[in-house]
Amino acid sequence: MQTALFCVPAVVAVASGAAVFTVDSMARATYALALSFVAAGTSLLLLDLAYLGVVTILMMVMEMAIMAVFMVMFMMNPAGLMPMSMLHNKRGAAVISGGVFLALGAVALLVPWPERRGTTPADPTRAAGEAIMGSKMLVMTGVGAVLFTTIVSALVLAVSRGRYGDDEGAQDGHREGRGPHGGHGGGQDAHAGHTDHAGHGTHAASSPQEDAA
Amino acid sequence: MTVTGAPVWAVVPAAGVLLAMALAAAVLDALLGTTGTGGGGGTAAAARGRRWSRPLAESARLMRQRGRTTVAPDRLLWRIGTAGPLVAALLMAAVVPVGGTVVADLPVGIVWFNAVDVTLWAVVWLAGWGPNSVYPLVGGYRFVAQALGYELPLMFALTAPAVAARSLNVGEVVQAQRGLWFAVWMPVAFVVFLGAVAAFGMWGPFSSPVGRDAAGGVLAEAAGVDRLLLLAGRYALPAAGSGMAVALFLGGGAGPWLPGWLWSLIKTLAVLALLVVLRRRLPVLSPERIVRIGWLVALPAVLLQVLVVSAVVVAKG
Amino acid sequence: MTLELFLLLASALFAVGVYGALSQQSVVMVMMGLELMVNGVIVAAAAFWYFLAPAAPDGQVLVLVVIAAMTVDMAMGFAVVTLLFRARDADMTDMAAELKR
C-alpha cells in the first residue's frame, strides 16, 4: 500500500520533470517543473516529513511563479506557438545523463546501506526546529548570512540604475516624464462627454467656458 | 475546546459550507452595490429586491452562457487557472476548524494554509496566461506583482499565532486562545492577516488584477462556466481566509451559550461581512504601491509584532 | 517503501536534470535543469534521514540548507541572466562564450 502510494508521486515527479525539456511552451515547462516539485514534496510526506514536504511545495511553487515571469521575459518562444529547437549537443547530453542515472541507480541498489539507527521522533518538525535553534544553529546562521548577501548582490547586479546597468532605465524615466502634452489640449474630443447631458447643448453649443465651470 | 479530525465524508459538508459562505458574501456584496439594478425598470425598492437574488440569477445565467475561446489559447493551463482559485479555497478550508472538528487535522496546518495561498500566485497567473489575450495577461502579472508585496507580511502574520501557541497545528492554536484571543494582544498581525486575505482574494483595494482599467483583467476573457468558477473562487477565497482568521486570532469556536460550530460560523460570517463592507470604502491600489506598503510598512510592523510575541512567550516560560 | 526506491527516484530526477542542464541552450532553461537536480538531492537527503538515521536531525537540516541553496541559485541566476540580456540581448549559453576567457 505504502509502495503504491509512493509510486504515484514518483512517476509524476519524473514524468513532469522530463516534460520540462520536451514541451514547447515555456509557461508549460515552468509549471511542469513546479508539478515535479509538488510531487517530490508529496513523497516527502510519506517519510513523516510533514513540515519539510509542505515547505518544499510552498517554496518551489513560489519560485516557479517567479521563474515563469523570467522565462516569458527572456525566451524566444514563450508560448510555444512557433515550434523551434533550443537544444545543443542533444546526444551527448542524453548519453551523459543516462550514464549518470545508471551509476547513481547502481549505487542505490548495490551499496549495502547500514542498518537504521534509532526511530523517527514523535514530532519530526519539533526535532528539526530544536536542531536549528540548538545544535545546528551555526548552519542556519550561515544560511541567513548567505541569503542576505544574495539579496544584496542580486540587486546590485540586476538593478539597471546601479553600477552594472547602462543607465537605460533612468533615461527611459526621463523620457516618460517629459511626455507628450498634445493630448490634453482642447479639440472636439474633449467635449464628447457633453452629449450625455440630457437634451441641452450639442458639440457646437458647448463652449470652453462651460468646461471651466 | 479540543479540535479533532473529522471522517472523510466531512469533505462534502465542508465544501458546502464554504460555497454557502461565498454565496452569502456575494449576496451582501450585491446588496451593498449601488451600480447595476439587475436589469429591468421599476422603483428603487423593486430594484433592491432584485439585488438579493442577483448572485444566483447571475450564476444561472453564466451556467447557460457559452464559454469563450480565443485564438491559440493554452487550454490546459487556462483550465488549471480557472479552477485554481476555487480549489485553493477548498484546500484552505480543509485545515480550518469549525467548532471542535476539522476536515484535515494536519500537524502543520498553518504551513499548509500558506502553501495553498502561494499556489494562487501560479493559478491566477495561469488564468491570465491561458487565453492568449492582452488584458488577462496584464491582470495575471499584476497579481504576481502584488503577491510579492503581501506574501512576506502574510507569512510573518501567520508566524505570530504559531509562536504564541508553540504549534503549527491550527487546532492547538485555537486551544491556546482559551484565556485571551490572539487578536487582542497581536492586533498588528491580525490586521495584516486580514489585509493579506483581501489581497489573495483580489478583493477591495487589492482588486487591480481584475480591475476595470484592464477590462476586467484576469476575468476579461472568461465567460460562461469559466467565469462562474473564477467568480466563485474570488468569493470563496475571502471566506476561507476569514475562517482561518477566526481560528488563528478570534478564538475559533469559543463563546458562551451557543455550540462551538455555530460560533465559528457566526464569527467567520462577521469577518467576511467586514471584508465585503470595507471593499466598497477603499480605493484600488496599484501593485507597485502595494509592494511599497507591504515592504515598508506592513513587514516591519509585523516583524515587530512577532518580536513582541516571542518575548512574551519566552518571558512566560 | 524502501530506501532503494527513493534513491532511484532521486537519481532519475537528477539524471533528467543533468540532461536538461547539458542540452538546453538558454540560460534560464539550464537553471531549470539545475533545479531538477537539486530536487533529486532533496528527495535523497530526506530518504537518507528517514531510512538510516531518523533519530538525528541532520538529514532534515540538510534539506533546509538545500532549499536555501536553491533559492540562492535562482536569485543569482536571474540577476546574471538579466545582466547578460541587458548587455548583449542574449540569453543563450553559446552566446556568452567569451565569459570563458
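Visitor: What makes the span of helix α8 (residues 187–200) of chain B agree with expectation?

Guide: The expected span is 1.5 Å times one less than the number of residues. For the 14 residues of α8(B) that gives 20 Å, and the end C-alpha atoms are 20 Å apart, so the two values agree. The model is predicted, and the spans discussed here are therefore computed from predicted coordinates.

Visitor: How do you know whether α8(B) is mostly covered or mostly open?

Guide: A residue is called buried if 20 or more other C-beta atoms lie within 10 Å of its own. In α8(B), 12 of the 14 residues are buried, and the helix is accordingly described as mostly covered. Among them are B:V188, B:F190, B:F193, B:L194 and B:F200.

Visitor: Which elements do the buried residues of α8(B) pack against?

Guide: They pack against α4 (109–129), α5 (134–165), α7 (182–185), α9 (224–249), α10 (260–281) and α11 (287–316) of chain B.

Visitor: Why is B:M202 called buried?

Guide: The cut-off is 20 or more other C-beta atoms within 10 Å. B:M202 has 27, so it is buried. This residue comes just after α8(B), in the loop between α8 and α9 of chain B.

Visitor: What makes chain B as compact as a globular protein of its length?

Guide: The globule rule is 2.2 Å times the number of residues to the power 0.38. For 317 residues the rule gives 20 Å, and the radius of gyration of chain B is 20 Å, so chain B is as compact as a globular protein of that length. Its C-alpha trace spans about 60 × 40 × 40 Å along the principal axes, and buried residues make up 52% of the chain. Among contacts in chain B between residues at least 6 apart in sequence, 82% join residues at least 24 apart.

Visitor: What is the secondary structure of chain B?

Guide: Chain B has 11 helices and two strands, arranged along the sequence as β-α-α-α-β-α-α-α-α-α-α-α-α.

Visitor: How do you know which element gives the most to the side of chain C that touches chain A?

Guide: Two residues count as in contact if their C-beta atoms lie within 7 Å. By that criterion, 60 residues of chain C are in contact with 70 residues of chain A. α1 (3–23), α2 (27–51) and α3 (58–88) of chain C each supply at least two residues of this side, and α3(C) gives the most, with 20 residues. The residues of this side divide into 45 nonpolar, 10 polar and five charged.

Visitor: What makes up the side of chain A that touches chain B?

Guide: Here 20 residues of chain A are in contact with 19 residues of chain B. The largest share, 12 residues, comes from α3(A). The residues of this side divide into 17 nonpolar, two polar and one charged.

Visitor: Where in chain C does UniProt place the feature "transmembrane region"?

Guide: The unreviewed UniProt entry places this feature at residues 30–52 and 61–85 of chain C. In the model, residues 30–52 of chain C are 96% helix and 0% strand, with end C-alpha atoms 33 Å apart. Residues 61–85 of chain C are 100% helix, with end C-alpha atoms 36 Å apart.

Visitor: What confidence does the predictor assign to chain C and to the complex?

Guide: The mean pLDDT of chain C is 85, and 87% of its residues reach 70 or more. In chain C, confidence is lowest in α3(C), at a mean of 86, and highest in α1(C), at 92. For the complex, the predictor gives an ipTM of 0.87 and a pTM of 0.85.

Notes: Residues are numbered from 1 along each chain as its sequence is written. Chains are lettered from A and ligands numbered from 1 in the order in which they are written. This is a predicted model: local features need pLDDT of at least 70, side-chain atom pairs count only at pLDDT 80 or more; totals for chains, interfaces and linings use all residues. Helices (H or I, at least four residues) and strands (E, at least two) are DSSP runs, numbered from the N terminus. Ala, Val, Leu, Ile, Met, Phe, Trp, Tyr, Cys and Pro count as nonpolar, Asp, Glu, Lys and Arg as charged, and the others, Gly among them, as polar. pLDDT is the predictor's confidence in each residue, from 0 to 100. UniProt positions are given in the numbering used here, feature names are shortened, and annotations may be inferred rather than shown by experiment.
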